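Biologist: I have a new model on screen. Can we walk through how to read it?

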Amino acid sequence: MTTSLTIAQAAQATGLSVHTLRYYERIGLLDPVERRDNHHRRYTQEDLDWIAFLKKLKATGLPVRAMLRYAELRRAGNTMESVSQRKALLQAHTLCVQHTLAELQENLAVLQHKLVLYEALEQQASAAGRDTAASTSHPERMAS
């Protein structure tokens, strides 16, 4: 027997809102979800796995339009054309993600460099403050 979840349970399991799950189904990112006699949606593990993948695509910045194209190709089955097009879509997106990661690494290196500089400046300012405090609290030291 396959376990299925209500929309509220699926929302909790996926971290998406009930509204988002309904929206994804309405626009075609999700296949129509099985419904029981009472018309309540019942999400399967396969649905949850697909949603998890959609979340990864979204998190990597894939536009919804491209996600919809991928979902359409997925529904076409594992034909040579569908598989090739899905692979090409993911390859192109992978290159975009790699480019973004490289840019982020460069930006991170600049930030880390600045932090090292500020750490040195703080140490210099702290040392200068101690010198100033010591000389003002003991005026006789200024003469030496």
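Predicted model: local features only at pLDDT ≥ 70, side-chain atom pairs only at ≥ 80, totals over all residues.

Biologist: Is Tyr-24 buried or exposed?

Modeller: Tyr-24 counts as buried, because its relative accessibility is 7% and buried means under 20%.

Biologist: How many aromatic pairs does the structure hold?

Modeller: There are four aromatic pairs. One of them joins Tyr-23 and Tyr-24. That pair is tilted, with 6.2 Å centre to centre and 50° between the planes. Trp-50 and Phe-53 also form a tilted pair, at 5.9 Å and 35°.

Biologist: Where do Trp-50 and Phe-53 lie?

Modeller: Both lie in helix α3, residues 45-59. They are three residues apart, about one turn of the helix. Trp-50 is buried at 7% relative accessibility, whereas Phe-53 is partly exposed at 28%. Together with Tyr-70 they form one aromatic cluster.

Biologist: Which charged end sits over the ring of Trp-50?

Modeller: That of Arg-74, 3.8 Å from the ring centre.

Biologist: Which residues is Arg-86 in contact with, leaving aside its neighbours within four places in sequence?

Modeller: Tyr-70 and Arg-74 are among them, and so are Leu-73, Gly-77 and Asn-78. Arg-86 itself is in helix α5, residues 80-137. Arg-86 is buried, yet has no salt bridge. The nearest side chain of opposite charge, Glu-46, is 10 Å away, and a salt bridge needs the atoms within 4 Å.

Biologist: And the whole chain?

Modeller: The protein chain has six helices and zero strands. Buried residues make up 24% of its 144 residues.

Note on methods:
Residues numbered from 1 in each chain as written. Heavy atoms only, no water. Helix = DSSP H or I, 4+ residues; strand = E, 2+ residues; numbered from the N terminus. Buried < 20%, exposed > 50% of the residue type's maximum accessible area, 1.4 Å probe, protein only. Lys, Arg positive; Asp, Glu negative; His and termini not counted. Contact = heavy atoms within 4.5 Å. Phe/Tyr/Trp six-rings, centres within 6.5 Å; stacked < 30°, edge-to-face > 60°. Lys NZ or Arg CZ within 6 Å of the ring centre and 35° of its normal.
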